Amino acid sequence: MRAKRWIIRAAVAAVVIAVSALMMVIGRGHTIYVDNKTVEYGGQSYKGFDKVEVSIKGQDTAKLYPRERSMAPWIGQSFRMDLLITGEDGQETPYSVNLSLPYNMDGIILNIPALMAGLPEEAWLSEFIPA
């Protein structure tokens, strides 16, 4: 009888630990900050766009002009946003961005001009650290 009780307790503890680990990965919350700021990388300057309309989770999140930032909450590791970028000539170009977010960051800054220029992750992704 005692052995059966310990086996049941161990099984319940294993299930609780497994569900906790799964929820830690699936339900991880992030605050995403989207920048339309000029960035310097590799000796070159990548200028912010005239206007960027950001849509996250199918909802219009922000209209960013040069040197502006917006934020949105996100749960999970797979991130998706839709962008409508207006260039200097007034032409609008739609983009869809799918990213895998780093697990170890709570506040994540995404720089749109660096991301659209195809620069490496270190140029367009950084951690937001409050002052």
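**View 1. A charge over a ring: Arg9 and Trp6.** Here Arg9 sits over the face of Trp6, 5.1 Å from the ring centre. Such a charge is counted if NZ of Lys or CZ of Arg is within 6 Å of the ring centre and within 35 degrees of the ring normal. The model you are looking at is predicted, so local features need pLDDT of at least 70 and side-chain atom pairs pLDDT 80 or more, while totals for chains, interfaces and linings use all residues. Residues are numbered from 1 along each chain as its sequence is written, and side-chain values use heavy atoms, leaving out hydrogens and water.

**View 2. An edge-to-face pair: Trp74 and Phe79.** The ring centres of Trp74 and Phe79 are 5.0 Å apart and the planes meet at 80°, so this pair is edge-to-face. Rings of Phe, Tyr and Trp (its six-membered ring) pair if their centres lie within 6.5 Å; planes under 30 degrees apart are stacked, over 60 edge-to-face, and the rest tilted. Trp74 and Phe79 are both buried (under 20% relative accessible area; exposed is over 50% and partly exposed in between, with a 1.4 Å probe and protein chains only).

**View 3. The largest nonpolar core.** This core has 28 residues, and those touching the most other members are Ile32, Val54, Phe79, Met81, Leu83 and Leu110. A nonpolar core is a set of buried Ala, Val, Leu, Ile, Met, Phe, Trp, Tyr and Cys residues joined through side-chain atoms within 4.5 Å. Look around Leu110 for its contacts (heavy atoms within 4.5 Å): not counting residues up to four places away in sequence, they include Ile32, Phe79, Met81 and Trp124.

**View 4. An open sheet of four strands.** The strands run in the order β5-β4-β7-β8, with antiparallel pairing. Strands are DSSP runs (E, at least two residues), numbered from the N terminus, and two of them pair if DSSP finds at least two bridges between them. At the edges stand β5 (59-64) and β8 (92-100), each with a single partner strand, so one side of each has no neighbour in the sheet.

**View 5. Strand β4 and its partners.** Five of the six residues of β4 are buried, so the rest of the structure largely encloses this strand. Five bridges link β4 (residues 51-56) to β5, and six join β4 to β7. Val54 stands opposite Ala62 in β5 and has Leu83 as its bridge partner in β7.

**View 6. Arg67 in its loop.** Arg67 lies in the loop between β5 and β6 (69-75). Although not a glycine, Arg67 has a positive phi of about 70°. Its relative accessibility is 68%, so Arg67 counts as exposed.
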